[in-house]
Amino acid sequence: MADDLSPVYGPFFGVMGSASAMVFSALGAAYGTAKSGTGIAAMSVMRPELIMKSIIPVVMAGIIAIYGLVVAALIANKIDEGGPGGYKLYHGFLHLGAGLSVGLSGLAAGFAIGIVGDAGVRGTAQQPRLFVGMILILIFAEVLGLYGLIVALVLSTKTG
């Protein structure tokens, strides 16, 4: 019966969870960086003194990739060889769920940060009072990725 609980293909799901965490969160971070970066480039033509102040969305998008990196490393360190008494299928599914949780929430957060960052820095160049509102919206977008990180940490540290 132990062979049914620890099949040889069990680690595949753990590896896919680790890869999903990194790939999807990096996609979200890349989109957020690219989209808000184009807004910064367009804004800097009119107001070059605001370039450093407008880097905030790019930094926040980069943090999303760090969430995925942390979870991917945690999962990768727990992956063990399959077979009798080895890496259980249960853990493989937990790790897949953890990776998808942080990865897909990071993807969504990166999209939100990119869109808000692009529009926010362009708007701030025309009306400086928009800056505080942009920062608040960026924080709410970033927190979406943080929620995925929390769920992923709970799932990846579960034993059983």
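## Aromatic residues

Phe12, Phe13 and Phe93 are linked by ring pairs into a cluster. The model is a predicted one, and it holds 3 aromatic pairs. Phe12 and Phe13 make one of these pairs, with an edge-to-face arrangement: the ring centres are 5.5 Å apart and the planes stand at 75°. Phe12 has a relative accessibility of 48%, so it counts as partly exposed.

Another pair is formed by Tyr31 and Phe111, whose ring centres are 4.2 Å apart. The angle between their planes is 20°, and because planes under 30 degrees apart count as stacked, this pair is a stacked one.

Lys53 lies over the face of Phe131, 4.4 Å from the ring centre.

## Overall architecture

The secondary structure consists of 5 helices and 0 strands. Along the sequence this gives the pattern α-α-α-α-α. The radius of gyration is 19 Å, whereas the globule rule gives 15 Å for 160 residues; the protein is therefore more spread out than a compact globule. The C-alpha trace spans about 70 × 20 × 15 Å along its principal axes.

Of the 160 residues, 42% are buried. Taking contacts between residues at least 6 apart in sequence, 86% of them join residues at least 24 apart. Met16 lies in helix α2 and has a relative accessible area of 35%, so it is partly exposed.

## The nonpolar core

The largest nonpolar core contains 26 residues. Ile64, Val71, Val102, Ile113, Met134 and Leu138 are the residues with the most contacts inside it. At least two core residues come from each of four helices: α2 (10-46), α3 (56-78), α4 (89-126) and α5 (130-156). Helix α3 supplies the largest share, 8 residues.

Which residues does Leu138 touch, leaving out those up to four places away in sequence? Its contacts are Ile56, Pro57, Met60, Ile113, Val116 and Gly117. One of these, Ile113, is also listed with Leu138 among the residues that have the most contacts inside the core.

## The loop between α2 and α3

Leu50 is placed in the loop between α2 and α3. Residues up to four places away in sequence aside, Leu50 touches Met43, Thr124 and Ala125.

The position of Leu50 can also be set against that of Asp80. These two residues are 30 apart along the chain, and their C-alpha atoms are separated by 50 Å.

## Two further helix positions

Ser44 is part of helix α2. With a relative accessibility of 19%, Ser44 counts as buried; the cut-off is under 20%. Where does the side chain of Ser44 reach? It comes to the backbone oxygen of Ala41, at a distance of 2.9 Å.

Phe140, in helix α5, has a relative accessibility of 60%, so it counts as exposed. Phe140 and Ala112 are 28 residues apart in sequence, with a C-alpha to C-alpha distance of 9.3 Å.

Methods. Residues numbered from 1 in each chain as written. Predicted model: local features only at pLDDT ≥ 70, side-chain atom pairs only at ≥ 80, totals over all residues. Heavy atoms only, no water. Core = buried A, V, L, I, M, F, W, Y, C linked by side-chain atoms within 4.5 Å. Buried < 20%, exposed > 50% of the residue type's maximum accessible area, 1.4 Å probe, protein only. Contact = heavy atoms within 4.5 Å. Polar contact = N/O pair within 3.5 Å; in protein donor to acceptor, adjacent residues only side chain to side chain. Phe/Tyr/Trp six-rings, centres within 6.5 Å; stacked < 30°, edge-to-face > 60°. Lys NZ or Arg CZ within 6 Å of the ring centre and 35° of its normal. Rg over C-alpha atoms; globule rule 2.2 N^0.38 Å.
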